[in-house]
Amino acid sequence: MTAQIRIDPTLCRGHAICALFFSDAVDLDQWGFGKVAVSVIDSERDLRRARRAAAACPNGAFVVTGADGSVDNGARRPRRLRVRAAR
Amino acid sequence: MLAGLLVAALLVGRFAGTPTQTLLHNKMLPWILGRSLGVATYLSLTAMVFLGLWLRHPWRARFRRPGPESILWAHVSLAACTVALLAGHLTALALDRYAGVGWTGVFVPWGAQYRPTAVALGTLAFYLLLLVIGTAALAGSIGRAVWFPIHTASVVVFCMTLAHGVLSGSDGTSLRWVYVASGLVVLTLQFTRWLAGTLGHGSAVIDE
């Protein structure tokens, strides 16, 4: 059961909101730009937190990639997605 | 130890007891509370807006402390603090019989007998603030397309609150410099941030 998260450095503007929603997986540098500390998610709870962080990020820099390859950068209203088993 | 406590109790009673008694039995208590909570709300709102603007201001890169996470937590905490103080401000003024604001004046724009337009500015700012804070609290659920554009109205809330304080406050003269200084700081921060974004230097601070 895996999904992956990453922060697009070209889009991140240092709002630091991802750290507010998913502090366990995100480290901030001194300017507030996020770095992913834990990139692999293996629980539904963490996936929900990641999707909330993606939805809240004002620049769409926080990206969640599901095991099926679906990409969520919060552009649409987050759906209740399941973490699927990795192939 | 006991003697120390006794002395402390006597001193507190001597210096705080009489003014507190006078205040508690004052018929103007709701008005005094309403005004003081109004000023406290304004100061909390100013600090909240300041931190929100500072969080993504290009000048912040020159300062290592406080870090962005601390600023964000302080910003969120101040939002809760502002709402609590605002609830006290509105309740005190609604219960007050001296100024003639009442429940209608608090919740209905231009419903107050006391300086209707000045109070209406506060009422409208209150509704806008609820919208800004409510959508921010739901940011992870409703998505950035909704919450972030609404969040940029925070400066409008600040300007309306500033005008409300200046025009409706009976102590406007004594607080003049507080209003001038806070207004200048927030508007300067907003203008310079907008200027940096417009000129395209907003994200260039990482290269410094």
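Helices here are DSSP runs of H or I with at least four residues, strands are E runs of at least two, and both are numbered from the N terminus. By that count, chain B has 9 helices and 0 strands, reading α-α-α-α-α-α-α-α-α along the sequence. This is a predicted model, where local features need pLDDT of at least 70, side-chain atom pairs count only at pLDDT 80 or more, and totals for chains, interfaces and linings use all residues. Residues are numbered from 1 along each chain as its sequence is written, with chains lettered from A and ligands numbered from 1 in the order written.

**Chain B overall**
- Buried residues (20 or more other C-beta atoms within 10 Å of their own, with C-beta atoms placed from the backbone) make up 30% of the 208 residues in chain B.
- Take the chain B contacts (C-beta atoms, placed from the backbone, within 7 Å) between residues at least 6 apart in sequence: 62% join residues at least 24 apart.

**α5(B) against α7(B)**
- Helix α5 (residues 116-137) and helix α7 (residues 144-151) of chain B pack at about 145°, axes 9 Å apart.
- Those axes are lines fitted to C-alpha atoms over the stretch in contact, with angles running from 0 to 180 degrees between N-to-C directions.
- Leu131(B), Val132(B), Thr135(B) and Ala136(B) of α5(B) meet Val146(B), Trp147(B), Ile150(B) and His151(B) of α7(B).

**Ile41(A)**
- Ile41(A) sits in strand β4 (residues 40-41) of chain A, and is buried because 25 other C-beta atoms lie within 10 Å.
- Leaving out residues up to four places away in sequence, Ile41(A) touches Thr2(A), Ala3(A), Ile5(A), Asp46(A), Leu47(A) and Ala50(A).
- Ile5(A) is 36 residues away along the chain, with 7.5 Å between its C-alpha atom and that of Ile41(A).

Methods. A residue is buried if 20 or more other C-beta atoms lie within 10 Å of its own, exposed if 12 or fewer, and partly exposed in between; C-beta atoms are placed from the backbone. Two residues are in contact if their C-beta atoms, placed from the backbone, lie within 7 Å.
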